[in-house]
Amino acid sequence: MMVHSKLRWLAIVLAAIATVTLSACTPVRSTNLANRLIVPTPSGPATFNYPLNQSAYSVFGYMYDGLINENGLTSKLEPGLAESWEVSKDGKKIVFTLREGLKWSDGEPMTADDIIFSYEKIYFNDKIPSGLKDTLRVGMSRQFPKVKKIDSRRVEFSVAEPFAPFIRYAGGIPILPAHILQEAAENTDADGKPKFLATWGTDTDPKKIVGNGQYRMLSYTPNQRVVLERNPYFWRKDAEGNPQPYIQQIVWQIIENTDNQMLNFRSGDLDTLTVEPEVFPLLKREEKRGKYTVFNGGPDTGSVFMCFNLNKGRNAQNQPFVDPVKSRWFASKEFRQAIAYGINRSAMTNNIYRGLGAPLHSPIPPQSPFYLSPEQGLKTYSYDRQKAKELLLSAGFKYNSEGQLLDAEGNKVRFTLLMAAGKKVREQMGTQIKQDLGKLGMQIDTQFLSFNTYVEKLRLTRNWDTYLGGFTGGTEPHSGYNIWSVNGTLHSFNQGPQAGEPPIKGWKVDDWEQKIDDLYVKASQELDEAKRKEIYGETQRIIAEQVPFIYMVNPLTFEAVRDRVSGIRYSALGGAFWNLYELKITE
């Protein structure tokens, strides 16, 4: 599952783009169809409501700007909607000053009132489920920051305890339009739930969705495309006073299968493509003829993994989420470690990724100053079938005369590996995992679902055995707190009840899970970088020992972009379009 578990700046999560300049004075609709960029996405949007989104594939990166943004090359913070900010000496207060004359994409003024509304009525509202809550809670008290309006352009954020990533989270979250959403946030339906929960679904007229970013939606055709046009009220201008972005229109083309995306790119119907390892040699050879460039951003900052369902809870019908027999297997640390030793990740790197990467060992990427390397003591799982079998036997498993693995009660070890459909690399990884674990006497069944159905099964119904998925990444570990918080929205290996859900019968948190949660909180309160590294090092040691996720491969990142798009400064951190506002189409 490629889910936005890491809070990457909206300028970074942009997945693609389109073309030329529009007048900043009036909201004229573009008719210049040559002046656009067509970009593939494997899944359409699940919602147009940002706080409710749980999908990795959304248009919000185009539609919202942060108070501050992160440079996609250097990771340094830069002004966004806020022209400046001031941090108090003790680090517990930040005052943001908005740019003068900011407007929403419908032309209405944007002020400090919108910031107060977004935080107090939406992000801090326990009745509105949002993964942002996990990263916004501060310290052991788990309190939210205080937000205070100073005047129409200035807002003060304050915390009672030290909070190392404070400025990034205070300034990096989208601000929502109070003049549109306040009524829905403050009023409830017949069931007592905020009307906001039913607001801005994908059945809403796209032209009525209001943002403050570089683009706004023009149209949406389900299962086909989303078309976005340049927001004529966006604040940014170049040195000569020309409005940015220059690219006029984005066509977000929905193509689920990566093979079909590649065919469409080679035929000229797409302007950008994430380059998978198996097609890298072909696309690299065709660069000149195809009039595109394949950019190499170095190692990815995200993670790909196999995850076990450790949830011992029951659903509303009192049925266990996981078959109790399988649940006993998954609950065994030795079983999880045996599978980690039984998967040949070096062969996966060489065969599936064509050697364009390396085995992955940690949820924190090597680019982060908080990464704990194997040389520094991180436990790793090099392929060792004999070690895997020894662990299984020590945990009470046994083999029958046919070499099939049985548990202590004689049950054959067989379970399902869930995957999102359409990703060829993931399908190949699933095939290898099935073959590798077959050599340990296990039978693995693979199940493929559309991305949104796959996410729903993981997050809501919770009735799955194992899954193959991924999380986006960044250099600040706390942005992954919603994975490691026991109450986090991405704590997928033992997903607890979320906002608006009733308690889960039988849900239990293990001591090591709580320990990781506590350490993440402790690290967020520590302002000394060396001490933070020590704390995050301990979390990585626990994760490596307990293996709720088996990390697979850290690939190199490649993206092909047509040469007519000028200004690309590609990186693994920011992608091809983190500086979207300054890119141009040059036919």
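This report describes an annotated span, a sheet and a helix pair in a predicted model.

**The annotated span**

An unreviewed UniProt entry assigns residues 76-484 the annotation "domain: Solute-binding protein family".

Strands of a sheet pair through backbone hydrogen bonds, in a parallel or an antiparallel way. Here, 4 strands form an open sheet with antiparallel pairing, in the order E5-E6-E8-E7. Strands E5 and E7 stand at the edges with a single partner strand each, so one side of each has no neighbour in the sheet. From one strand to the next, the twist averages 20 degrees. The elements of this region are listed below.

| Element | Residues |
|---|---|
| Strand E5 | 82-87 |
| Strand E6 | 93-98 |
| Strand E7 | 146-151 |
| Strand E8 | 154-158 |
| Helix H2 | 112-123 |

E7 and E8 are joined in the antiparallel sense over 5 bridges. Val147 has Phe157 of E8 as its bridge partner. Helix H2 packs on the sheet and touches E6, E7 and E8, with its direction at about 170 degrees to that of E7.

**A helix pair**

Helix H16 (residues 511-525) and helix H17 (residues 529-546) have axes that come within 9 Å and cross at roughly 160 degrees. Angles over 145 degrees count as roughly antiparallel, and the two helices are therefore roughly antiparallel to each other. The crossing of H16 past H17 is left-handed. Residues in the contact include Trp512, Ile516 and Leu519 of H16, and Ile535, Tyr536 and Ile542 of H17. By type, the contact residues are 9 nonpolar, 3 polar and 4 charged.

Technical notes
Residues numbered from 1 in each chain as written. Predicted model: local features only at pLDDT ≥ 70, side-chain atom pairs only at ≥ 80, totals over all residues. Heavy atoms only, no water. Axes fitted to C-alpha atoms, helices over the stretch in contact; angles between N-to-C directions. Parallel < 35°, antiparallel > 145°, perpendicular 65-115°, else oblique. Left-handed = near helix turned anticlockwise from the far one by under 90°. Contact = heavy atoms within 4.5 Å. Nonpolar A, V, L, I, M, F, W, Y, C, P; charged D, E, K, R; others polar. UniProt positions renumbered as here; feature names shortened; annotations may be inferred. Pairing = 2+ DSSP bridges.
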